[in-house]
Amino acid sequence: MAAGAAAGEKRILCVGLVCLDVISVVEAFPAEDSDTRCLSQRWQRGGNASNSCTVLALLGAPCAFMGSLAPGHAADFIVADFRRRGVDVSHVAWQPRGDVPCACCVVSAASGSRTIVLYDTNLPDVTARDFERVDLSQYKWIHWEARNAGEQAAMVRRVERHNQSRPAGERVRISVEVEKPREELLPLMALGHVVFISKDLARHFGYRSAAEALRGLRHRVQPGATLICAWAEAGADAMGPDGELVHSDAFPPETLVDTLGAGDTFNAAVIFALAEGKSLQDALTFGCRIAGKKCGIEGFDGIV
């Protein structure tokens with residue numbers, strides 16, 4: 001549990017990917033077929049849902065992670081890092097076959113850009129059967145990183161059934177992040193109370209701004225849902241249940257250092273603020289502010 005969390009406080013669960021990031025910081029992105037020394041190299045726990053847990057824990061929210069791991073040195077490093085952050089890993093699904101996903105990340109010191117090559121092919125994702133073991137009464141918010149859509153839809157339906165039997169104050173809020181423009185993931189947009197879509201997804205559909213994307217994709221979310229789209233240096237926009245657009249400018253750091261995980265930071269900060277009862281405008285601004293801080297530092301320590 002995150003440091004400072006009140007005893008008995010309901011938690012936030014993030015479901016999705018955890019991987020090992022091997023991060024090489026270089027002066028400038030290397031040319032193909034060249035031999036370059038890096039300025040530094042580190043191992044870091046990565047993956048969208050995993051990174052969002054890191055940020056939630058740093059913000060002081062008690063949180064848990066659910067995703068797949070396979071035993072080995074990489075998993076030992078990952079679990080130790082989760083525990084160092086105070087993130088509950090009791091819902092990790094340990095797989096008897098497959099490899100822990102690994103991402104080779106090249107961060108350019110000159111531009112702050114990050115280029116990622118991910119090996120994520122043979123480790124099974126968590127299933128609806130795995131999710132049956134989650135005690136929903138312990139959670140106030142569950143966030144899904146869209147991956148195996150059919151299984152995740154079944155997980156969401158379980159939460160919806162749980163919510164139908166609970167008073168409003170005891171219901172679990174559901175959020176979904178759809179980052180990759182893959183057709184099979186799009187139905188998950190209709191299942192979240194809060195839905196995060198990526199700039200890449202918006203551009204895939206031909207939209208040229210966050211506001212344009214929200215107007216164009218609003219029909220894909222359920223009535224009463226909130227749709228959010230971050231657009232890097234252009235800030236972020238959101239459309240609440242009333243259909244009104246709200247916007248936050250970006251908060252760029254004085255020096256751009258490391259953008260790896262900036263989107264995951266934004267999502268987590270928005271979830272944190274909304275779970276604390278903040279308005280959509282305040283949550284959006286908070287998300288942009290914390291994501292901006294992250295871009296000015298290496299890793300995540302120092303965002304608060």
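Reader: Which residue in S3 stands opposite serine 24?

Author: The model discussed here is predicted. Seven bridges join S2, residues 19-26, to strand S3, residues 40-46, and the two run antiparallel. In S3, the residue opposite serine 24 is glutamine 41.

Reader: S2 also pairs with strand S7. Which residue in S7 is the bridge partner of valine 22?

Author: Strand S7 covers residues 102-108 and is joined to S2 by seven bridges. Here the two strands run parallel, whereas S2 and S3 run antiparallel. The bridge partner of valine 22 in S7 is cysteine 104.

Reader: How many of the residues of S2 are buried?

Author: On one side of S2 lie Cys19, Asp21, Ile23 and Val25, and these are buried. The number of buried residues in S2 is eight of eight.

Reader: Which residue in S4 is the bridge partner of valine 15?

Author: Strand S1, residues 11-15, is joined to S4 by four bridges, and the two run parallel. In S4, residues 63-66, Cys63 and Phe65 point one way and Ala64 and Met66 the other way, and all are buried. The partner of valine 15 in S4 is methionine 66.

Reader: What is the volume of the largest cavity?

Author: The count comes to two cavities of 30 Å³ or more. The lining of the largest cavity includes Gly16, Leu17, Val18 and Asp120. By class, this lining has five nonpolar, two polar and three charged residues. The volume of the largest cavity is about 60 Å³.

Reader: How many polar residues are in the lining of the second largest cavity?

Author: The second largest cavity has a volume of about 30 Å³. Among the residues that line this cavity are Val15, Gly67, Asn148 and Gln152. The lining divides into two nonpolar and two charged residues, and the number of polar residues is five.

Reader: How many charged residues are in the lining of the second largest pocket?

Author: The second largest pocket has a volume of about 170 Å³. Of the 13 residues that line this pocket, the closest to its centre are Gln44, Asp81, Arg84, Arg85 and Phe300. The elements that give two or more residues to the lining are S3 and helix H2, residues 73-85. Besides three nonpolar and three polar residues, the number of charged residues in the lining is seven.

Reader: Why does alanine 273 count as buried?

Author: Alanine 273 lies in helix H7. Not counting residues up to four places away in sequence, alanine 273 touches Lys278, Ala283 and Phe286. The C-alpha atoms of alanine 273 and phenylalanine 286 are separated by 7.3 Å, although the two are 13 residues apart along the chain. Alanine 273 counts as buried because its relative accessibility is 3%.

Reader: What is the relative accessible area of phenylalanine 251?

Author: Phenylalanine 251 has its place in the loop between strand S14, residues 245-248, and helix H7, residues 262-275. Setting aside residues up to four places away in sequence, phenylalanine 251 touches Thr285, Cys288, Arg289 and Gly292. This residue is partly exposed, with a relative accessible area of 28%.

Reader: How far apart in space are phenylalanine 251 and alanine 109?

Author: In sequence, these two residues are 142 residues apart. From C-alpha to C-alpha, their separation in space is 19 Å.

Reader: What is the average pLDDT of the protein chain, and how many contacts does the stretch of residues 1-5 have?

Author: The chain averages a pLDDT of 95, and 98% of the residues score at least 70. Over residues 1-5, however, the pLDDT is below 50. Beyond near neighbours in sequence, the number of contacts of this stretch in the model is ten.

Definitions and conventions:
Residues are numbered from 1 along each chain as its sequence is written. This is a predicted model: local features need pLDDT of at least 70, side-chain atom pairs count only at pLDDT 80 or more; totals for chains, interfaces and linings use all residues. Side-chain values use heavy atoms; hydrogens and water are left out. On a 1 Å grid over the protein atoms alone, a cavity is a set of points where a 1.4 Å probe fits but cannot get out, and a pocket is an open set with protein on both sides within 12 Å along at least five of seven lines; lining residues have an atom within 4 Å of a point. Grid points are joined across faces, edges and corners, and a volume is the space filled by probe spheres set on the points. Ala, Val, Leu, Ile, Met, Phe, Trp, Tyr, Cys and Pro count as nonpolar, Asp, Glu, Lys and Arg as charged, and the others, Gly among them, as polar. Buried means under 20% relative accessible area, exposed over 50%, partly exposed in between (1.4 Å probe, protein chains only). Two strands pair if DSSP finds at least two bridges between them. pLDDT is the predictor's confidence in each residue, from 0 to 100. Contact means heavy atoms within 4.5 Å.
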